[in-house]
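Please keep the sequence and the structure in view while reading.

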Amino acid sequence: MSAGNSPRESLEMESFHTRFSAWTPFSNKSLNRQLFQERVALISHWFDLWTNKQRQEFLFTIFLRCTTSQLRVIQDWFSERMQVARVDFSTVLPRFISLYIFSFLNPKDLCAAAQVSWPWKFLTEQDCLWMPKCIKFGWFLPYTPTDNEYGAWKHHYIACVSSLDWLTPREAAAVYGTLNEPKTEEEELQERQREKCLRKIVWEKIALRKKELFKVRPPWVSGTHCSRLFRSKCQPRLSQTVRDRVRLHETLEKQLVLSSLESLPKRSNISGCHSYPLSSKKNWRGVYKNDSSSSNALQPHFILISSRIPAYEMVANSVRAGIISVVYEHSGLNLETLLYLIEKALDGQMAQSVGIFSDGDSREINLLQGYKIGIKNLLMPEVRDFWEKLGSYVAPEEEGGHVDLFVPLGASEAGIEVLSQLSQLTGTLFTAPTGIATGSYQHVLSDWLGRQWETAPPSIYFSESKLQTWSSFTDFLEDTLKLVRKQLSPLFKELQKNISGRMIGQFVFDTMSVANILNNQEIVQALADGLIELSKENSERDVIEDNPQDTKPSLSKNDPNFELLVKLERKLQLDSAEKRTRVIRELLKSERKYVQMLEIVRDVYVRPLRAALSSNRAILSAANIQIMFSDILQILCLNRQFLDDLRDRLQEWGPAHCVGEIFIKFGSQLNTYTNFFNNYPVVLKTIEKCREMIPAFRAFLKRHDKTIVTKMLSLPELLLYPSRRFEEYLHLLYALRLHTPAEHIDRGNLTIAIDQIKNYKGYIDQMKRNINMKDHLLDIQRLIWGCPTLSEANRYLIRIQDVAQLHCCDEDISFYLRLYEHTCDLSLFLFNDALLVSSRGTSHTPFERTSKSTYQFIASVALHRLIIEDIPDSKFIKNAFILQGPKHEWICATEVEDDKFLWLSVLQNAIKSSMEK
């Protein structure tokens with residue numbers, strides 16, 4: 001039996017034989033599959049419970065253990081579900097990116113791309129791709145497409161190319177009409193009459209101009225041989241308006257003078273040759289090679305510059321010689337005045353081109369204040385009349401006339417629509433730059449719409465190097481303004497609050513003092529009446545002066561003037577007593593409010609903190625509570641006693657009562673305030689430290705600060721009241737003494753009290769200055785790398801001077817022959833007792849144009865051990881001096897001579913003051 005069962009047992013044991021693991025059967029596939037599924041479920045359960053980071057680590061470990069064939073299976077699984085390599089970019093990317101990609105194709109490639117698929121056909125026929133290509137050749141669409149219509153500009157481009165339909169704006173307006181609404185016959189007749197009047201005015205001015213030029217023409221321009229010789233060889237000509245309105249560059253003036261000197265020997269036989277006819281009106285036209293292009297040479301270029309442009313002076317300075325330029329104020333002008341300036345500058349001439357350099361964006365032109373010209377207001381009567389008259393000053397397009405707008409209108413469809421309407425409205429070609437993402441005002445240097453120019457429009461009017469310098473300067477200026485706005489924004493907000501508070505206070509004061517103003521008017525009227533009556537006694541006073549032995553007074557008790565003066569004196573006494581009472585009441589009212597603010601500190605902060613401490617739920621320790629609030633509680637006790645004294649005195653107040661002794665008593669107990677002000681920095685630091693380190697105290701302050709109970713103030717703001725109260729005391733005491741008669745018994749006590757409060761306020765101000773100077777020294781210490789401790793008693797900063805450190809190449813020769821080399825930049829920090837020398841460098845911040853100075857400590861020298869030696873100016877060095885200490889010597893030089901003498905004088909005075917101590 002045992003023998004028969006042994007093979008079966010051996011098979012069963014073999015089926016449970018394991019491989020690689022004590023838990024995985026070797027040949028039992030069903031059991032193996034079951035165990036495998038259980039383990040997969042277990043691992044999946046763990047995987048669900050893991051965090052994202054744990055899952056990533058698990059997958060990374062699994063992928064490292066996989067073979068190449070297993071990784072290929074994973075790759076095939078992903079490629080079947082996400083076909084990344086065969087995706088159409090136009091269906092995945094945003095539409096504006098796809099349009100940006102297609103914008104680099106030429107028209108032929110766009111037509112080929114439209115045959116790829118329906119999405120590509122839809123994208124390549126968009127108007128934003130074809131509109132710039134049409135306008136570049138001057139092909140304007142004769143109508144405005146509807147919102148749902150697309151492909152109009154493409155069809156227009158193909159039609160123009162196939163038929164070579166190159167129409168000027170005037171011809172297009174004649175064939176297709178304008179974008180304006182159809183006019184009636186009367187309106188068309190009025191418009192023709194107006195254009196006829198304008199042409200007549202222009203012709204009359206041109207004729208008048210020719211007559212004036214004929215009158216002032218010099219004798220040698222009459223057609224003689226010498227005049228032809230001079231005109232053909234050396235005659236630079238510019239208009240009188242250029243000479244009157246534009247200051248030519250010094251090089252051009254030098255060229256004109258040299259050419260006149262060269263031509264003088266050739267004109268020696270002409271009468272009046274010493275009058276230098278080069279300065280006549282016809283000669284300031286421009287410098288040209290010959291007279292073959294006289295028709296174009298007579299038509300100048302004109303540029304209009306707005307004062308709203310940053311650093312517009314640099315723009316005006318970069319205008320080329322021979323270009324008429326006008327700088328106009330952006331605010332305070334209208335379109336009619338601007339047209340008058342243009343007309344006056346051109347002086348009846350026809351301009352070859354007109355440029356307008358103003359502010360604006362890709363949708364509208366900010367021409368003047370209140371005149372932002374865009375697609376909405378372009379057809380307004382005033383705006384339309386301005387552009388029509390401006391177009392009449394420009395030569396026709398057939399002669400190369402055009403108007404250049406230095407505003408990025410070519411960067412948007414709305415801007416291109418503005419240019420199109422302006423061109424059709426005036427019949428003149430309008431151009432604008434296309435760049436908008438090239439930086440601040442650098443769109444001026446980008447590509448321009450319109451036909452292909454021999455020279456870019458900016459090069460027509462401006463010197464390219466100067467214009468690029470201005471563009472870079474505006475970038476730096478805007479970055480600096482952003483940094484300044486960021487730093488000054490909190491200060492401006494605080495200043496706005498202070499100004500609004502002062503305005504409200506002034507308004508309340510003016511409203512509450514109406515009764516005082518009426519009383520003062522009565523007093524002034526009484527004084528005027530008294531002076532009038534007294535002025536009538538001049539004759540009697542003269543008699544008294546002539547008879548000095550008569551000592552009888554001029555006013556008797558029966559005299560009406562005497563009664564008038566008595567009444568006036570009584571009124572003044574009553575008014576002074578009333579005003580004195582008002583000041584006392586104001587003093588009591590303000591003192592009551594001040595004590596209430598101190599009681600808020602006690603009730604809202606001190607009592608809850610002490611209650612929490614006694615109930616074993618302490619927020620702060622007893623030591624911290626003592627440091628923060630012990631002095632302010634003593635001040636509260638002192639001022640409550642002072643308030644009680646004032647209240648008792650005011651209850652039985654009369655004109656003869658006094659308050660000066662109460663203030664003197666209060667001034668003798670100001671040691672309480674002295675303790676508070678001495679510990680005030682420690683109190684603030686303790687509050688900040690506990691706020692940072694104790695969460696319960698931080699929550700406590702968050703719960704109680706700036707609530708209705710605390711008058712929307714925080715704990716540090718409430719602790720400011722004691723320092724501000726003394727200034728209020730001083731003002732009230734001055735007002736009280738002003739309305740106290742000189743013979744009053746309280747006058748002397750008030751003077752003593754004022755001196756006490758004034759001295760104590762000076763002590764408070766001195767403490768403020770010391771704290772500010774200490775903070776300033778700490779800022780300098782943090783600014784200079786490796787700087788030793790600067791905080792010492794009575795030390796303060798006098799001046800900082802930036803200099804260049806020099807090294808003498810040969811010290812054996814004379815001063816005037818020595819050569820120096822610049823080794824590094826130094827910054828000298830002059831204190832009242834020492835001179836700190838540090839090296840100065842520049843640190844640039846990534847992605848920002850601005851930079852900041854960095855300082856490295858070199859040495860510090862006591863002033864009484866510092867020797868100064870001046871280095872005389874020579875051919876090789878200027879503004880130099882020597883600073884010599886016990887161990888070091890520095891040869892320094894300032895950039896400006898005034899800085900050197902100012903620095904040396906301040907340094908000498910500081911050394912003398914330190915040696916006198």
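## Basis of the model

The model is predicted: local features need pLDDT of at least 70, side-chain atom pairs count only at pLDDT 80 or more, and totals for chains, interfaces and linings use all residues. Residues are numbered from 1 along each chain as its sequence is written, and side-chain values use heavy atoms, with hydrogens and water left out.

Helices (H or I, at least four residues) and strands (E, at least two) are DSSP runs, numbered from the N terminus. A residue is called buried under 20% relative accessible area, exposed over 50%, and partly exposed in between (1.4 Å probe, protein chains only).

A search of the whole structure finds 24 salt bridges, each defined as a side-chain nitrogen of Lys or Arg within 4 Å of a carboxyl oxygen of Asp or Glu. One of them joins R194 to E388, with the closest N and O atoms 3.8 Å apart. This pair links distant parts of the chain, since R194 belongs to helix α12 (residues 185–215) and E388 to helix α19 (residues 381–392), 194 residues apart. R194 counts as partly exposed because its relative accessibility is 39%, whereas E388, at 18%, counts as buried.

E388 also forms a salt bridge with R384, where the closest N and O atoms are 3.0 Å apart. Both E388 and R384 lie in helix α19, 4 residues apart, which is about one turn of the helix. R384 has a relative accessible area of 17% and is therefore buried.

## A salt bridge between strands, and a network

The side chains of R840 and D802 meet in a salt bridge, at 3.6 Å from N to O. R840 lies in strand β14 (residues 834–844) and D802 in strand β12, so the pair ties together parts that are 38 residues apart in sequence. With a relative accessible area of 22%, R840 is partly exposed; D802 is partly exposed as well, with 39%. Elsewhere, salt bridges that share partners join R194, R384, D385, E388 and K389 into one network.

## Surface patches

Patches are made of residues with over 30% relative accessible area and no salt bridge; like charges are joined within 9 Å, and nonpolar side chains (Val, Leu, Ile, Met, Phe, Trp, Tyr) within 5 Å. A patch of negative charge on the surface gathers D810, E811, D812, E869 and E889. Of these residues, E869 is found in strand β16 (residues 867–871), and it counts as partly exposed because its relative accessibility is 35%.

A nonpolar surface patch of about 490 Å² is made by I813, Y816, L817, L819 and F876. I813 is placed in the loop between β12 (797–808) and β13 (820–831). Its relative accessibility is 33%, so I813 counts as partly exposed.

## The buried face of helix α27

Which residues of helix α27 (residues 660–667) are buried? They are G660, I662, F663, F666 and G667. Seen down the axis of α27, the buried residues fall within an arc of 160 degrees, so they line one face of the helix. The arc is that of the directions from the helix axis to the C-beta atoms.

## Single residues of interest

Most residues other than glycine have a negative phi. In M712, however, phi is positive, near 60 degrees, and the residue is not a glycine; M712 sits in the loop between α29 (695–704) and α30 (715–718). N879 likewise has a positive phi, of about 60 degrees, although it is not a glycine. N879 is located in the loop between β16 and β17 (880–884), and at 10% relative accessibility it counts as buried.

G370 lies in the loop between β7 (365–368) and β8 (371–373). Its relative accessibility is 75%, so G370 counts as exposed. From C-alpha to C-alpha, G370 and N334 are 8.7 Å apart in space, and they are 36 residues apart in sequence. K154, in helix α10 (residues 152–163), counts as buried because its relative accessibility is 7%. K154 and C134 are separated by 20 residues in sequence and by 8.4 Å in space, C-alpha to C-alpha.

How values were computed. Accessible areas come from the Shrake-Rupley method with a 1.4 Å probe; for residues, only the protein chains shown count as cover. Lys and Arg count as positive and Asp and Glu as negative; His and the chain ends are not counted. The place of a charge is taken as NZ of Lys, CZ of Arg, CG of Asp or CD of Glu.
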